[in-house]
Amino acid sequence: MIATGTPIIEARGLTRCYGKRRAVDRVNFAVAQGEVFAFLGPNGAGKSTTVRMLTGYMPPSEGSARVAGFDVVVDPVAAREHIGVVPEEANVYADLTVWQNVMLMGELHAIGRRRRTERGTELLGLFGLLGREKQRGRALSKGLRQRLMLCMALIADPEILFLDEPTSGLDVASVHAIHDVIRRMNRERGTTVFLTTHNIEEAGDLCHRVAIINQGQLVAVDTPQALRSTIESRRSIEVRFVVPGVTPGDVLPDAAAAEVVPLVDGFRVFAAEPGRLAQEIAIRSAAKGIRIAALNTFAPTLEDVFLQITSRAIAASKGTPVDALTA
Ligand code: ATP
């Protein structure tokens with residue numbers, strides 16, 4: 001049993017070197033029981049390497065990690081009893097049927113026949129795989145294979161689920177099926193989920209907290225909402241005119257200083273106080289007889305946050321001073 005409040009996953013100074021290169025560099029974070037937590041980062045950022053260390057597939061070069069209260073190097077077997085894993089390069093047994101794949105995993109976890117039959121049927125239903133029990137692994141599309149992998153990871157009802165890029169390259173229906181089940185497992189069973197993704201929307205929509213990893217280093221850890229609020233200056237206004245050809249100088253109070261992105265029939269302008277600027281644009285347009293077709297304000301997206309934070313981290317690695325970031 002894990003005490004409430006104790007992190008269920010904890011990394012301290014976690015590091016992995018390949019040769020002289022630090023693929024994961026002194027990473028610190030803690031995941032609470034019942035959280036859906038994302039590692040968000042571009043290709044090669046160190047996401048899979050982190051998952052491999054946390055799940056005991058690869059020893060850290062430095063630092064330590066605890067999962068379900070067990071050190072993953074000292075007590076790897078005990079830690080693994082609490083987890084289900086879908087690694088990035090995982091695959092189903094091609095010669096076995098859908099049902100045999102799931103039952104085999106149940107047997108490996110020593111789950112009794114009755115329980116594994118019940119749970120297996122339930123999981124195939126949740127993932128839209130009922131009716132395909134007799135199909136062989138090799139006959140499944142990538143999306144169906146990934147759903148089956150999740151069924152196999154969930155058959156033992158793990159407290160913690162590790163998913164490395166669970167929806168990368170999948171069709172929309174499979175992405176929905178997988179997201180739905182992740183939410184459901186988390187809500188109904190309290191399953192903690194640690195997933196990696198390079199998909200910003202996935203991290204923002206699905207996860208309670210997001211850690212942004214870039215070049216092996218964590219550059220921010222927070223809720224999607226808090227991450228967005230760190231860059232409020234990225235709020236913007238999009239203005240479109242009935243007749244194209246209006247320039248920013250026609251309607252903006254200080255066009256030369258503004259950050260403007262041109263559109264076919266208007267422009268987008270970034271502003272710390274978009275409401276006030278929108279009013280100014282409306283007043284100036286009216287005064288000049290310029291008709292506005294649409295005027296909207298936009299909050300910063302997680303993509304804006306990601307780009308800003310990763311570019312600041314790159315600047316820092318080149319010696320440019322940066323603000324302290326939550327990590
Ligand atoms: P992706 O989204 O492309 O899978 P990632 O964020 O999961 O990327 P990792 O796979 O952890 O990143 O790789 C981090 C870095 O370590 C990359 O530069 C990668 O080339 C390197 N790397 C990963 N595995 C090995 C290995 N076994 N030997 C040498 N270098 C490796």
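Author: Start with strand β8, residues 192–197. 6 of its 6 residues are buried, so the rest of the structure largely encloses this strand. Keep in mind that this is a predicted model.

Reader: Which residues of β8 are on each side?

Author: T192, F194 and T196 are on one side. V193, L195 and T197 are on the other. Both faces are covered, and these residues are all buried.

Reader: OK, pairing. How many bridges join β3 to β8?

Author: There are 5 bridges between β3, residues 36–40, and β8. The two strands run parallel.

Reader: What stands opposite F194 there?

Author: F37 does.

Reader: And β7, how many bridges to β8?

Author: 5 bridges link β7, residues 160–164, to β8. This pair is parallel too. L163 stands opposite L195 of β8.

Reader: Which helix makes a β-α-β unit with β7 and β8?

Author: Helix α6, residues 172–189. The β-α-β unit is right-handed.

Reader: Switching to the ligand. How many residues surround it?

Author: 14 residues do. The closest are R21, G44, K47, S48 and T49.

Reader: How much of the ligand's accessible area does the protein cover?

Author: The protein covers 64% of it. On its own, the ligand has 630 Å² of accessible area.

Reader: Which elements give two or more residues to the shell?

Author: β2, residues 21–31, and α1, residues 47–54. Of the elements, α1 gives the most, with 4 residues.

Reader: And the shell by class?

Author: It has 4 nonpolar, 5 polar and 5 charged residues.

Reader: Last topic, Q146. Where is that residue found?

Author: Q146 is in helix α5, residues 142–154.

Reader: Buried or exposed?

Author: Q146 is buried. Its relative accessible area is 14%, and buried means under 20%.

Reader: What does its side chain lie 2.9 Å from?

Author: The backbone oxygen of P166. That distance is to a polar atom of the Q146 side chain.

Terms used. Residues numbered from 1 in each chain as written. Predicted model: local features only at pLDDT ≥ 70, side-chain atom pairs only at ≥ 80, totals over all residues. Heavy atoms only, no water. Near = heavy atom within 4 Å. Areas by Shrake-Rupley, 256 points an atom, 1.4 Å probe, with all protein chains shown as cover. Nonpolar A, V, L, I, M, F, W, Y, C, P; charged D, E, K, R; others polar. Buried < 20%, exposed > 50% of the residue type's maximum accessible area, 1.4 Å probe, protein only. Pairing = 2+ DSSP bridges. Right-handed = clockwise from strand over helix to strand, strands pointing away. Polar contact = N/O pair within 3.5 Å; in protein donor to acceptor, adjacent residues only side chain to side chain.
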